[in-house]
Amino acid sequence: MIGVSFFRLFGWVAGILVAFAVAAGAQQKPGNVNGVQGAGDDWGNPKIAVEQKEGEWVIAGKIRRVVFNKGDFSIVVQAGGVKWKMNGCAGDDITVESGGQRRNFKLCDAKKVEISSYENGFAKGVKVRLEGFKSQEEKIDLALSLFICLEGADEELVFLVVPEEKEAALKECLWPKGFAAESFDFTVVPFMQGMLLGKNHPDKVWLYDTVSYGRGLYMPWWGHQQGKAAAAVILESPDDAGCRFAHPAGGPTQMQPRWMHSLGKMRYKRQLRICFFEQGNYVDLAKRYRKYVIETGHFVSLAEKIARNPIVGRLIGSPVIHTNILYHIQPDSSYYDKDNPQKNHQLTTFAERAEHLRKLSEKGIKQAYVHLDGWGFRGYDNLHPDILPPCPEAGGWKGMKLFGETCEELGYVFAVHDQYRDYYLDAKSYDDEHCLVQEDGHRPYGSTWFGGKQSILCPSLSPGHVRKNHTSILAHGVKLRGAYLDVFAVVPPEECYHPDHPVTRSECLRYRGDCLDFIRTQVGVVSSEEPADWAIPHLDLVHHGPYALVPNPGKGPAMGIPVPLFSLVYHDALLLPWTLTKGGWGIPDNDWGLLHGLANAGLPYLSLNPGEEELKRVRTMCDLHRRVGMLEMTGHEFLDGGWRRQRTTFADGTTVTVDFDADTYEITPALGEADKQSSDSNGRKLLWHDEFDYEGLPDNTKWNYEEGFVRNGESQYYTRARKENARVENGMLVIEGRNEKFKNPQYKTGATYWSDQPEYASYTAASLITQGKSSWKYGRIEVRAQLPQGKGVWPAIWMLGVNFPEIGWLRCGEIDIMEFVGKEPDRIYATMHFAEEGKHRSNGWSIGADQPYADFHVYAIEWQPDRIDFFYDETKYFTFMIDKAGEGKDNPFRKPHYLLINLALGGSWGGPIDDAMLPQKYLIDYVRVYEPQRSPDLDSGSKK
């Protein structure tokens, strides 16, 4: 599989690059073939004129005019009524290595400069070929070609650098130059989440790093605002690229592209695009880049990610819980506390953490993403990449398995923190020959992190270790549903110069992508540290994407003016959590993190022991995320000149207004009951649900009861509104089957019908139904439940047509979403029952299920006009084509049905009952009914 960055470089721009290479030196030609096609845009080629004037070349289109000064290589662009000037040559335009020495040159120092007009069928401009660079009369064996073209109907300005390296190597190129200070008022930089910087901002500003995909450039673009106009600069070959940036106190800002070598040489063509807006600002610039990543196939929405991995859907509207097992700090680590040695080893067992989660669940947290670090053999940031087996002190494999099972039971998604870049010298597999080797031949060493002495693992070896470790975790039965691969999406791509495993930056990104994709296909949710653009197709969630602070990302005031550039591009493509406190990580001093989180409609972080105020804030963010988390952020604006009152807008019209001085927010329309679980992972609206977040009897506005001995010769008596058999506690519905003597009110002396014969029942249970309350036709019906066990139990989730009382079973139709019998403890059944010419017909299937009574599982159907698909968790195991029950309007499965959830004991299929196993509890975590996925004209249900 070709890596994403490689694809973006050689796939999307392949046509441009090949055409440039083939047509190098081509002259401007008339567009006339046999008199059919005319000149210019008659056949799609842009109608652009190129002419040479004294000392300059002019590229003139309908809406842009570009003037290239061949003396100093400066460029002036006239875009409507706005003039943009780009600086000319400087002493470090290119850095060349020749004869073992590195030298800097101006581009205009070339002794031979050839300029010609150029066109390729979709772009038109000039080609500038340079050679003959000299240093103290030594000729540098290097040439390069520069292309300047207008392209497309919008006449965007495209630059291309094509190196011709022979004996000399081009190590760095700074071209085209940046915009001159008089051409802009503000600079827009995707510096972490985003920064708007006034040209004369009074404080010194710097980027944490200046290469693509680092914190300085989460996304490989930037831009400028000039009055009401704007210009976006997009690095279209970003892997070996970045910028030069400077902003001294008081300004002005200086920013220009920077092309870097790959394993010692420039090697391939580099391309950059500048897009101009006569009316535009930072929002328009972000949206232009969003258009670019969509067009190049780099944008992968959350909806697409959920479709390929449904577990991701469980994170919509979920808080993020970050917790740990062992923090162990080696003596040679920079974090080692010599004065308080007890602080260097802090342990919490897997069982203790599992109990903490249970207590959190009791506070009403029904879904969450649990990130666990410190679970490895010697805890957090130790021994990588050889971290197995799990921490023995904390419970080892058995303890980790217990923790995963607890998360599954509570409805939480369990993910681990993992790491495949730092390479610890005491790792079992450590070998100097496996380390990354830098260009100077040295291996990097350090001892910053908890594990002590470390180097860096060559990226080419990371995928093998990921496969080794996570295959082993799954093989040990740990219910792992996701993994966080540390630093992969925040440390810019690296090169390795080891002769046995050389790696370019593009290959580095491909290897990292391979690691992330393995987690997605084999484990579940994929996460990493921060939202570097290259990783968006691979990632579901990152742990930070906040604003740049002074002096570092952790704490301090904001650099420049924070703006949500990343969210404007990728809000609906990635899950991004926020700390809710003031001055949290990435939150500017004195800003309330909750306000940034709400303005960006992100997920909230949640502590293990939250108070009521924290829970209230978390629920607000979760509700907002359920509403708009999968929608595009369409706008952002400042409401006054102080930059502190802001408003964001989302695709459904929802607005979030925040005031960082008054610590207030307003969500319009206001959040309501529907937002508490407003849609499923595919964005479908929730029609009906019961989350069982109350205590006592089941909600009588939603549920009714069957009562008595009802069917199939079953042994239980179904009771009505009796807590011993049906109650809500600890956030779930409990249906309990009991062995007890219970008087049968239906008893009749000498009765002939079986249900009236026994004076006393020996067993009791409950059957809850929505008959007379709610019914549905089409949609998704979903129940998360843990089944009872033992011979004789027969729990079910099923549906009957609402016309059952009038026309009876079987003509009303029956949909058995789930049936289980204790005598077959490893199988789940789905069955359809209907009548055909007055005779009983059934059609169904079953799936192997490993102890469904040991864990919670989701049992669901997707009911569409032509079919019903049955699911066990994310696995679809049976499809029933509705026409099998008749093609006409009388088909029962084209009519509304109501829902039944019951626990039967014995009977025609349940068989003999093992009294020793009773009582048994059938636990239901939630019941949810969603609208149909398609055909919006369908009647999706009715409520009575």
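**Strands first, then the core**

Author: Strand β25 (residues 368-373) and β26 pair in the parallel sense over 5 bridges. Strands are DSSP runs of E, at least two residues, and helices are runs of H or I, at least four, numbered from the N terminus. Two strands pair if DSSP finds at least two bridges between them. Here Tyr 369 stands opposite Val 413 in β26. This is a predicted model: local features need pLDDT of at least 70, side-chain atom pairs count only at pLDDT 80 or more, and totals for chains, interfaces and linings use all residues. Residues are numbered from 1 along each chain as its sequence is written, and side-chain values use heavy atoms, with hydrogens and water left out.

Reader: Which strand pairs with β26 in the parallel sense over 4 bridges?

Author: Strand β29 (residues 482-485) does.

Reader: How many residues of β26 are buried?

Author: Buried means under 20% relative accessible area, exposed over 50%, partly exposed in between (1.4 Å probe, protein chains only). In β26 (residues 412-418), 7 of 7 residues are buried. Tyr 412, Phe 414, Val 416 and Asp 418 point one way, and Val 413, Ala 415 and His 417 the other.

Reader: Which residues touch the most other members of the largest nonpolar core?

Author: A nonpolar core is a set of buried Ala, Val, Leu, Ile, Met, Phe, Trp, Tyr and Cys residues joined through side-chain atoms within 4.5 Å. The largest has 160 residues, and Ile 148, Ile 274, Trp 375 and Tyr 570 touch the most other members. Apart from it lies another core of 52 residues, including Leu 768 and Phe 893.
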